[in-house]
Amino acid sequence: MPSWLSALVSAFDLASPYALLLLPVPLLFARLMPAEREGTSGALRVPHSLVGGGDRGEGLIARGRRRIWLIATLWLALVAALSGPRIVLSANALPASGREIILTLDLSGSMERKDFALDGESVSRLAAVKRVGAAFIRRRAGDRIGLVAFADQAYVAAAPTFDTASVARTLEEANIGLVGRSTGIGDGLGLALKRLAPAQIASADEGSPPPSSDKVVVLLSDGANNAGQTAPKDVAALAKELGVRIYTIALGPIDMADNPNNEQDVVDVETLREMAEISGGKAFRVKTTDDLNAVADSIDQLEGGRAQAPPVPLRRDLWPWPAALALLCACALLAVRRDA
């Protein structure tokens, strides 16, 4: 047997194999029906030669045989369709980690500053984050990834999902000004925790210990908390209770603690570092695009450990083909009956 035919046979499957037990039903029905006794019928039997000659008689016999073949084919096709024939194919195994990551992104007005570089050209901080962040998200196949953006307010741009490509596209389409131009770090982190671990938050409110989890928030900001209703360190303490690690990325060339010229839109490195330490995560300092790429690689290594998930069977149903054959046979029977 050729290899392709052997592979096809091994992949063939029936969804409802017990439907094949219906195949002999017409034969059983015909056998169990009481035979017509001679003399009980009131019909008058006339030889074919008297109603149209031998040719017409042969035509009636041929038409009767066609009807039998059509009925038999119709029944076989119906039973085959009911049995649910299908081909079972195996999808390629995907990496899986059981990890959930939410990228929490600062979309304040300072992200428009053009002090980063891409391909030898000066670009805004947001443009650099889009390039590096989208590549990072696409590499995380097997993780559930989400995206939260914050400024004056926070909003969920992409709920956690295994569809990393769609989350990466959402990040690439992010714009400044949708929810203000200030920096509400605490609210952004709080919303990320709410979407990342709603069950744990409920259990923490009730005083019971949260279930174990492998959940991560990657928080990127280029400013200091100056909006929102929650203090960043308080939310970081909640993250520790929930078992959520926070990786903070302080973006921008000037630290708040080292700002002799009192420039605006400097990054609060100290607060971001303390948030990471409280939660058991790690803080990163980014001043250039190369730094940002290095941070993405570091988080990839820290949150590695992905394994191959079991292959998922993909089934292609074949029942429409025998069902279509049964429909054609039914139409042909109607045509034969009209010609009779």
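Leaving aside neighbours within four places in sequence, Asp187 is in contact with Ala154, Gly228, Gln229 and Thr230, where contact means heavy atoms within 4.5 Å. Asp187 is found in helix α7 (residues 185-196). Helices here are DSSP runs of H or I with at least four residues, strands are runs of E with at least two, and both are numbered from the N terminus. Asp187 is buried yet has no salt bridge. Buried means under 20% relative accessible area, exposed means over 50%, and partly exposed is in between, with a 1.4 Å probe and protein chains only. A salt bridge is a side-chain nitrogen of Lys or Arg within 4 Å of a carboxyl oxygen of Asp or Glu. The nearest side chain of opposite charge to Asp187 is Lys194, 11 Å away; Lys and Arg count as positive and Asp and Glu as negative, while His and the chain ends are not counted.

This is a predicted model, in which local features need pLDDT of at least 70 and side-chain atom pairs count only at pLDDT 80 or more, whereas totals for chains, interfaces and linings use all residues. Residues are numbered from 1 along each chain as its sequence is written, and side-chain values use heavy atoms, with hydrogens and water left out.

The secondary structure of the protein comes to 12 helices and 13 strands. Of its 340 residues, 36% count as buried. Among contacts between residues at least 6 apart in sequence, 79% join residues at least 24 apart.

An open sheet of six strands runs in the order β8-β7-β4-β9-β10-β11, with mixed pairing. Two strands pair if DSSP finds at least two bridges between them. The edges are β8 (154-161) and β11; each has a single partner strand, so one side of each is left without a neighbour in the sheet. From one strand to the next, the twist averages 15°.

Helix α11 (residues 289-302) lies across β9 (215-221), β10 and β11, running at about 160° to β11. Axes are lines fitted to C-alpha atoms, for helices over the stretch in contact, and angles run from 0 to 180 degrees between N-to-C directions. Tyr247 counts as buried at 5% relative accessibility, and Phe284 is buried at 11%.

A search of the whole structure finds 20 salt bridges. One of them joins Glu112 and Arg181, whose closest N and O atoms are 2.6 Å apart. Glu112 is in the loop between β4 and β5 and Arg181 in the loop between α6 and α7, 69 residues apart. Glu112 is partly exposed at 41% relative accessible area, as is Arg181 at 48%.

Asp115 forms a salt bridge with Arg125, the closest N and O atoms being 2.8 Å apart. Asp115 lies in the loop between β4 and β5 and Arg125 in helix α5 (residues 125-139), so the pair ties together parts that are 10 residues apart in sequence. Asp115 is partly exposed at 31%, whereas Arg125 counts as buried at 1%.

Lys233 and Glu274 form another salt bridge, with closest N and O atoms 2.3 Å apart. Lys233 lies in helix α9 (residues 232-242) and Glu274 in helix α10 (residues 269-279), so this pair ties together parts that are 41 residues apart in sequence. Elsewhere, salt bridges that share partners join Arg139, Arg140, Asp143, Asp297 and Asp300 into one network.
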